[in-house]
Amino acid sequence: MTESLSPAPSAPAAEVAGLLLAAGGGRRLGGCPKALLEHRGELFVEHAARVLREGGCTRVHIVLGATADVVREQATLPGCVLVDNPDWREGMGSSLRAGLASLAGTGARAALVTLVDQPGIGPAAVARLLAAHRSPADLAAAAYDGERGHPVLFGADHWDGIAAAATGDQGARAYLREHAGALTLVECGDIAEPYDIDTLPDLERLE
């Protein structure tokens with residue numbers, strides 16, 4: 001279901017925390033962690049964190065794993081909460097669990113999740129998805145020509161279920177399939193490009 005949304009969210013953006021998954025080791029990129037790739041003068045992790053802030057998330061948590069110490073030393077991430085995932089080798093699911101756990105007690109009613117390796121997604125897509133926030137029962141995702149992609153918005157009512165289902169590199173896919181009837185798709189194909197930087201040939205997509 002694709003919904004046309006007004007630019008203003010119905011609840012304060014502070015109630016939606018930005019959650020950036022940036023723990024991977026970049027195995028298919030020759031062992032260079034994606035967080036440390038550079039694009040247009042910024043590290044990927046800096047760019048993705050800025051996208052969340054400029055899109056309207058006032059609280060941003062970043063899950064780190066591979067070379068977390070190096071990311072801390074090299075990246076400028078003002079105001080962000082850095083979350084270590086010692087189990088990052090297990091895949092994206094472990095990072096999603098760590099990130100959601102870090103939001104417990106913050107007062108956030110939803111988490112807007114982005115991936116560090118999608119530089120074609122900017123603040124406009126984040127803002128559009130934030131506008132879908134209504135309550136802790138929300139499930140929403142950016143769509144591209146009707147196909148679900150990132151960012152994804154998880155209302156707090158779903159966090160325990162998502163964490164329980166998040167294994168390996170699947171992240172929240174299984175949970176979203178099981179709850180497809182509750183998922184709102186927010187078309188973002190006109191304002192963002194959802195490509196991933198996964199392999200060395202993908203680097204050619206960077207200008």
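A pocket is an open set of grid points with protein on both sides within 12 Å along at least five of seven lines. The model treated here is predicted.

**Exercise 1. The largest pocket**

Task: State how much space lies in the largest pocket, and describe its lining.

Solution. 
Step 1. Take the volume. The largest pocket holds about 990 Å³ of space.
Step 2. List the lining. It consists of 35 residues. Nearest the centre of the pocket lie Lys34, Met92, Asp117, Asp169 and Asp198.
Step 3. Assign elements. At least two lining residues each come from β1 (16-22), α3 (92-102), β6, β8 and α6 (173-178). β8 gives the largest share, with five residues.
Step 4. Sort by class. The lining has 14 nonpolar, 10 polar and 11 charged residues.

**Exercise 2. The second largest pocket**

Task: Give the volume of the second largest pocket, then its lining by class.

Solution. 
Step 1. The volume is about 230 Å³.
Step 2. Twelve residues, written 12 in the count, line this pocket. His39, Arg40, Pro119, Gly120 and Tyr195 are those nearest its centre.
Step 3. By class, the lining splits into three nonpolar, three polar and six charged residues.

**Exercise 3. The enclosed space**

Task: Find how many cavities of 30 Å³ or more the model has, and say what lines the largest cavity.

Solution. 
Step 1. Count. There is one cavity of 30 Å³ or more.
Step 2. Size it. The largest cavity contains about 80 Å³ of space.
Step 3. Name the lining. His47, Ala48, Val51, Thr114, Leu115, Gln118, Ile121, His150 and Pro151 surround the space.
Step 4. α1 (44-55), β6 (110-115) and β8 (147-155) each give two or more of them. The largest share is that of α1, with three residues.
Step 5. Sort by class. Five residues are nonpolar, four are polar and none is charged.

**Exercise 4. Glutamine 118**

Solution. 
Step 1. Apply the cut-off. Buried means under 20% relative accessible area.
Step 2. Find its partners. Beyond its neighbours within four places in sequence, glutamine 118 contacts His150, Pro194, Tyr195 and Asp196.
Step 3. Link back to the cavity. Gln118 and His150 are both among the residues lining the largest cavity.

**Exercise 5. Phenylalanine 44**

Task: Work out the surroundings of phenylalanine 44.

Solution. 
Step 1. Phenylalanine 44 belongs to helix α1.
Step 2. Its relative accessible area is 2%, so phenylalanine 44 is buried.
Step 3. List contacts, leaving out residues up to four places away in sequence. Phenylalanine 44 touches Lys34, Ala35, Leu37, Glu38, His39, Val116, Asp117, Pro119, Ile197 and Leu206.
Step 4. Check one pair. Phenylalanine 44 and valine 116 stand 72 residues apart in sequence, yet their C-alpha atoms are 6.2 Å apart.

**Exercise 6. The whole chain**

Solution.

Technical notes:
Residues are numbered from 1 along each chain as its sequence is written. This is a predicted model: local features need pLDDT of at least 70, side-chain atom pairs count only at pLDDT 80 or more; totals for chains, interfaces and linings use all residues. Side-chain values use heavy atoms; hydrogens and water are left out. On a 1 Å grid over the protein atoms alone, a cavity is a set of points where a 1.4 Å probe fits but cannot get out, and a pocket is an open set with protein on both sides within 12 Å along at least five of seven lines; lining residues have an atom within 4 Å of a point. Grid points are joined across faces, edges and corners, and a volume is the space filled by probe spheres set on the points. Helices (H or I, at least four residues) and strands (E, at least two) are DSSP runs, numbered from the N terminus. Ala, Val, Leu, Ile, Met, Phe, Trp, Tyr, Cys and Pro count as nonpolar, Asp, Glu, Lys and Arg as charged, and the others, Gly among them, as polar. Contact means heavy atoms within 4.5 Å. Buried means under 20% relative accessible area, exposed over 50%, partly exposed in between (1.4 Å probe, protein chains only).
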